[in-house]
Amino acid sequence: MLAVEELHKVYDGRGRRVEAIGDLTFEVEAGSFVCVVGPSGCGKTTLLRCCAGLLAPTSGTVTLSGAPVTGPPEGLAVVFQEYGRSLFPWLRVADNVDLPLRAAGVAKATRRELVGEALGAVGLADAHRAYPWQLSGGMQQRVAIARAIAYQPRVLLLDEPFAAVDAQTRADLEDLIRDVWRRFGMTLLFVTHDIDEAVYLGQRVIMLTSSPTRVAEDLPIDLPDERDQLTTRGDPRFAELRGRVYAQIQKAKLEGRTT
Amino acid sequence: MRILLGVAGLLGFGALLELAPRVGLVSDRYAPPTSTILVTLAQRTGESRFWLAVADTLRTWLLGLLIAVALGVAVGIALGTVPVVRRATASTVEFLRPIPSVALIPLVVVLYGSTVTSTLVLVVYAAFWQVLVQVMHGVADVDPVARDTARTYGLGRLARVRYLVWPTALPYVVTGVRLAATVALILTITGELVIGSPGLGQEIATARTSGAVPAMYALTVVTGLLGVLANVATRAAERRVLHWHPSLRAEVAA
Amino acid sequence: MSGILARVGYALALPVVLVAVWWFASAGSTDFYFPPLSRIVAVFPDTWLSSRLADDVLPSLTRLGIGYGVALLAGVALGLAIGSNRVVAAVTEPLLEFLRAIPPPVLVPILILVAGIGDTMKVLVIVSGCLWPVLLNTVDGVRAVDPVLADTCRTYRVRGGRRWWHLVIRSASPRIVTGARQALSVGIILMVISEMFAASSGLGYAVIQFKDGFRIPQMWSGVILLGLLGVLLSVLFRIVEHRVLGWYHGSRDGPRER
């Protein structure tokens, strides 16, 4: 579905050369939920922007359903970390969700249905007419997720979407995103620096090294499909997987410091 | 690179104004080519009359600005530090500010004739509001916790103004001065042009009545250059005075 | 409701006091140049509400409206074109800084040469003064488009006219409004100045006529009318701004926890 091959990205600026991504190769199968974790500053956002076609890689390719990604491809949606800045403050919540559909030329009746369904799915059925800035941070991120859902993407990319909300809201939103994935069946690539979050959410966790970034390990998460905050996080297997990811990230950090 | 492009833009504009009358696009009676304007400008800068006019304009401008800033700061702090008075005057200031300064032109001409005083009144009136509004914003910006702290430690009204109100308001004052400087220069030259007090504006009026078209353009260019100089100088001064202020640091980082 | 009343009260209290002071202080004035306010008020209706309303006030306002409107449209259009292209912005920046720095009234003699002393000249004077604040603020506003929002438009493939309107123009609108406000006060000034030079009608022309004829109370009433006009237009502007930028003022007051 989404394939990253020998991806390499160097930022060149004023005599400073930063190798953000060394050499990345991995694949995300259709309909799967893959989490990417890595130490902070390891080029996670760069990877995501390359996948979204917002950034051209220095070398290597990203392909979506076999077609190379050179600009933002059709059928791909992104939820950004900065929810406050990714929503249009001059549009009401429903119009924010509606705008990409209008740009795509979807018929009015269908649009209304999609917007209503998406806002209902994120628990904001009564917030259609509010402005984004009238909502709390967690609710704003729900609007951004609703916009992604309504767009009916085959692939949904999320860039540390819950990094800026409080812990309880975060747990709610994690369950929401699992729910959305199971209900709408899209392919999900979820970038985070939170190890617990990655293990709790994903079917697979891809661990990255420090920059220049490589894949440190690709770990399948063999937890049952039905997950909830209490039992899953209490599961001994969860603790085991979590420990393994933690160790790997620590190792990556140390290596990053010595090189 | 940016500088080169900017210079290219200026040269291109100059070339356009040079060519337009040469190829007959516009009559050179109305729009003399750039070269003619520049030659006239060079001639003028050789005359003492020109430099006297520049000096007159600068003097009126600086004097007017000085009076406006002094008045604006004094009135702003006096009105701003008493909450009830501030509430009663803040909206009045918004109410009175849009009264256009040029409405006063006939008045000052009747009262003071074609003198520097007439122009000064206009300049001070227009620049005063710019300073006053900023100072009142600045005084209102004093941190309530800091204000209470100062009260608890028994600082008197004067000491509070000196150590609390003034430092908080300073960035606003500097912004006010920058805005006022631009407005004051415009009003100085406008006053000279319309009222006829000595300075560059009067020179332009004289050039117009005597039909010296290239001189008119040359002097207009000079007023533009003066304006640019005033902008650059006040912005540099603002940076010097406020190099520690977060708003400027953010600007540098961006 | 009482909040609004209190605000109106606070806004009007001081002007009312000032006018009252003027009224009583000038009541017995015999100074030729400072007539009693009561006399100025007495001549006001005869001076302005008669034929001058159609002959002087309306032509002035019409020219202001046309000049201001043209400057607004041209300023926003040029600002969008310049601001959205780095090279164009770099090429034009010093030139625009220079053109803006020329005091607009200085252009009156030049425009009289080019366009004569008719309505065209006066409208052109207003356009040439109002254009720069709008243009330069629009350029700044376009440059300040949030990169995350721009990325959002790219990923959701919002393009063309929809992108211009929903991303660029709306992002720049607070700055455009700031420019429009500055342009309005410049416009009023130029409306008056252009009529003081050479005209046969208009507010500025009428006031100068009174001055030259030493009809001092009438002249004062003209000064007051100009002041009222400035205040009125700025109030109108605020009402429009409140409608256009409701989202902006709301979002700057911070999010409400619900």
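Biologist: How far apart are the end C-alpha atoms of residues 215–234 of chain B, and how much of the span is helix?
Modeller: In this predicted model, those end atoms lie 28 Å apart, and the span is 100% helix and 0% strand. Helices (H or I, at least four residues) and strands (E, at least two) are DSSP runs, numbered from the N terminus.

Biologist: And residues 103–128 of chain B?
Modeller: There the end C-alpha atoms lie 16 Å apart, with 81% helix and 0% strand.

Biologist: Which residues of chain B does UniProt call "transmembrane region"?
Modeller: The unreviewed entry lists 61–82, 103–128, 169–195 and 215–234. Its positions follow the numbering used here, feature names are shortened, and annotations may be inferred rather than shown by experiment.

Biologist: What numbering and cut-offs apply?
Modeller: Residues count from 1 along each chain as its sequence is written, with chains lettered from A and ligands numbered from 1 in the order written. Local features need pLDDT of at least 70 and side-chain atom pairs 80 or more, while totals for chains, interfaces and linings use all residues.

Biologist: Switching to contacts, which pair of chains has the most?
Modeller: Chains B and C, among the 2 pairs that touch. Contact means C-beta atoms, placed from the backbone, within 7 Å.

Biologist: How close do chains A and B come?
Modeller: Their closest C-alpha atoms lie 14 Å apart, and no contact joins them.

Biologist: How many residues join chain C to chain A?
Modeller: 21 residues of chain C are in contact with 23 of chain A. On the chain C side, helix 7 gives the most, with 6 residues.
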